[in-house]
Amino acid sequence: MATTTLAPTPVKVLTVGSPFGRIADLFAKAKVIDAKHGKFDILLVSGDFFGPPAEAEEVSADVKDLLDGKLQPPIPTYFTLGANPLPPVIQERATETGGMITEGLFYLGKTGVVTTSQGIKIAAFGGEYDLGKFGSTPESDEPTTPYITTHTLSSFTNLVAPPTPRASSSAPATLASARAASSASSAASAPVDILLTHAWPSSITLLSSKPLPIRPDGLPAQAWGAPPVGEALRKARPRYCFSGGEGAFWEREPFWTKVEDGEHVTRFVSLGEFGGVRKERWFYAFSITPTSSTAPTAPRPAGTTASPLSTGPTNDAAAVPRGRKRPAGLPAGFDDGPANYIFGGGYGAGAQKRGRGGGPRGGGRGGGPRREVKEIGQDECWFCLSNPKVTKHLIISIGSECYVTLPKGQVPPTPHSPSDPAPLVPGGGHVLILPIAHYPTLLSVPAELAAPVISEIERYKSALRACYASHGAALVSFEIGRLTGRGGHAHVQVCPVPAADAGRVEDAFRKEGERGGVRWEEDGEKALRELREGQNYLRVDLPDGKKLVHIMQPQPFNLQFGRQVIANLLNMPERTDWRACALSEADERADAQSFKKAFAAFDPAS
């Protein structure tokens with residue numbers, strides 16, 4: 001008699017945001033939803049299941065009822081760690097049982113992987129991200145600290161890399177038994193179906209056209225992500241990823257990732273707080289079918305984007321590959337920027353080291369093979385919005401792929417006392433345009449992502465040109481495409497000059513170049529088109545649209561060259577060094593607000 005193979009049965013999943021200890025209320029609400037829209041097979045909690053630590057080690061009524069078995073979930077429930085540590089009595093129970101807190105309630109750990117009896121593989125990467133604690137937390141503290149550490153990431157990597165087969169058809173009594181059964185089996189590994197996190201992954205907003213949520217403190221959503229969570233998401237490649245730590249609802253378009261046997265599609269959803277004052281949507285219901293190795297690859301859903309996670313280095317040591325081709329989609333002449341922080345010159349992380357005489361030590365190598373570069377990561381780059389130390393009060397505009405910021409120490413002076421003259425452009429107007437994602441140069445942008453990044457940079461330059469013109473100024477931009485040392489974050493510097501001086505800009509750059517040994521290519525456009533991988537260069541865009549290009553040779557190069565020319569043109573040579581132009585934070589904030597107001601009518605992101 002012929003054997004009939006049954007198709008996998010869809011599994012109904014209800015995922016909720018942080019309840020912050022309102023456990024009885026959550027279970028009651030979940031029971032109502034289950035009765036009305038169920039029957040649900042799994043309840044998942046992303047974010048903080050428990051509230052902040054209680055004073056004097058008090059135990060809440062809900063926690064007591066959980067431990068006594070008086071409070072049980074209406075649906076088998078799984079949760080991970082949020083920003084709050086587990087109550088000590090819950091941590092003790094989880095250690096004793098391998099994760100089962102009460103009947104039907106399972107703690108996945110800060111990192112954990114389990115396959116349910118329905119064949120759904122759930123992974124957890126919990127905890128909040130604090131750069132200072134990421135690399136300094138002892139491994140002995142890892143089980144209880146609510147912070148993501150290097151040990152968290154390595155533990156998670158070890159969990160998602162080895163085979164993790166499905167559990168038996170009967171539900172396990174404890175999470176430990178499910179893990180033991182998985183480890184004992186040699187069945188083929190199934191991919192992760194659902195990943196639960198507390199923090200957002202870094203770069204997740206890139207390439208998305210969905211309106212972004214707004215946080216009460218004003219921090220833009222582009223800055224919410226944590227690099228280790230982005231790395232965990234990249235390694236796990238789940239079908240769904242849920243984050244509850246921001247307390248805001250946002251559903252991103254699906255994104256695809258190239259894998260060995262084709263493509264993989266991931267959906268990211270951020271959930272609001274259960275019972276929160278912001279009244280954000282806090283639950284998400286969906287059906288998911290267990291993965292089958294024999295099932296054909298499903299077509300991309302409508303609106304799917306390329307993966308935002310394939311951008312820039314991660315917390316792994318990354319090196320720029322040798323021999324990489326120039327990305328497709330780059331307009332002729334649009335290339336990479338310099339490597340430094342939010343400063344108006346060539347100093348900061350990624351800037352070359354200085355020799356004893358104050359000159360740069362080493363230099364770009366024109367035309368030679370590129371050495372492998374061990375780049376700085378997002379969590380140590382002062383340009384990355386995910387770095388808590390980035391100077392956010394200087395930011396002027398944030399687009400989909402790029403953002404605009406004032407540098408520290410602008411070339412044009414700004415008034416901060418009644419006797420100071422008014423600036424040409426309110427707030428000074430000297431800005432940097434940077435990709436949101438961490439690229440050491442614009443040439444390092446992956447081919448499938450390059451076009452939107454570069455297109456937005458050009459839109460910002462056009463908007464700045466119009467803004468400057470409304471104040472009687474012309475635009476000059478310059479960038480240093482230079483890969484050396486530890487790399488940095490690509491950016492383009494844009495500065496206003498009086499419209500009356502626009503015709504003098506080219507002559508100023510040429511004459512300063514003669515004095516400094518900077519040789520300009522005869523045809524700048526052609527030189528940009530013919531740049532070879534590994535060549536370092538200076539590019540200047542003049543007010544009339546003409547481009548000047550200098551191909552750097554293996555000798556010292558003055559990274560302040562662009563500033564120096566503009567400062568001299570403005571008869572302000574003392575403003576060549578950004579450090580001589582540094583202001584107090586209050587004055588920086590005032591400049592940023594002034595320019596933001598002047599730029600508002602031209603801002604392509606508004």
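This is a chat about the predicted model shown above.

Student: Before we start, what are the ground rules here?
Tutor: The model is predicted, so local features need pLDDT of at least 70 and side-chain atom pairs count only at pLDDT 80 or more, while totals for chains, interfaces and linings use all residues. Residues are numbered from 1 along each chain as its sequence is written, and side-chain values use heavy atoms, with hydrogens and water left out.

Student: OK, how many helices and strands in the protein chain?
Tutor: There are 12 helices and 21 strands. Helices (H or I, at least four residues) and strands (E, at least two) are DSSP runs, numbered from the N terminus.

Student: And how much of the chain counts as buried?
Tutor: 54% of the 606 residues. Buried is under 20% relative accessible area, exposed is over 50%, and partly exposed lies in between (1.4 Å probe, protein chains only).

Student: What share of the contacts joins residues at least 24 apart?
Tutor: Among contacts between residues at least 6 apart in sequence, 77% do. A contact here is heavy atoms within 4.5 Å.

Student: Let's do the seven-stranded sheet. What's the strand order?
Tutor: The order is β15-β16-β17-β19-β18-β20-β21, an open sheet with antiparallel pairing. Two strands pair if DSSP finds at least two bridges between them.

Student: Which strands stand at the edges?
Tutor: β15 (395-398) and β21 (547-551). Each has a single partner strand, so one side of each has no neighbour in the sheet. On average, neighbouring strands of this sheet are turned by 20 degrees against each other, direction ignored.

Student: How many bridges between β17 and β19?
Tutor: Three, in the antiparallel sense, between β17 (residues 431-435) and β19 (residues 492-498). V431 has V494 in β19 as its bridge partner.

Student: What does α9 touch on the sheet?
Tutor: Helix α9 (residues 505-516) packs on β18 (473-481), β19, β20 (537-541) and β21, and its direction makes about 15 degrees with that of β21. Helix α11 (residues 561-569) also packs on the sheet, touching β18, β19 and β20, with about 155 degrees between its direction and that of β18. Those axes are lines fitted to C-alpha atoms, for helices over the stretch in contact, and angles run from 0 to 180 degrees between N-to-C directions.

Student: Switching to α12. Which residues are buried?
Tutor: E588, D591, A592, F595, A598 and F599. They cover an arc of only 130 degrees around the axis, so they sit on the same side of α12. The arc is that of the directions from the helix axis to the C-beta atoms. Exposed A586 and K597 are on the face turned away from the buried side.

Student: Why is α7 largely enclosed?
Tutor: Because eight of the 10 residues of α7 (residues 227-236) are buried. Among them are P227, P228 and L233. After α7 comes R237, with a positive phi near 50 degrees.

Student: Now loops. Where is T149, and is T149 buried or exposed?
Tutor: T149 is in the loop between α4 (131-134) and α5 (150-160). T149 is buried, at a relative accessible area of 0%. Not counting residues up to four places away in sequence, T149 touches K133, F134, T137 and E142.

Student: And R22, where is that found?
Tutor: R22 is in the loop between β1 (11-16) and α1 (23-37), and R22 counts as partly exposed at 26% relative accessibility. Leaving aside neighbours within four places in sequence, R22 is in contact with D62, E273, F274, G275 and G276. R22 and D62 are 40 residues apart along the chain, with 7.6 Å between their C-alpha atoms.
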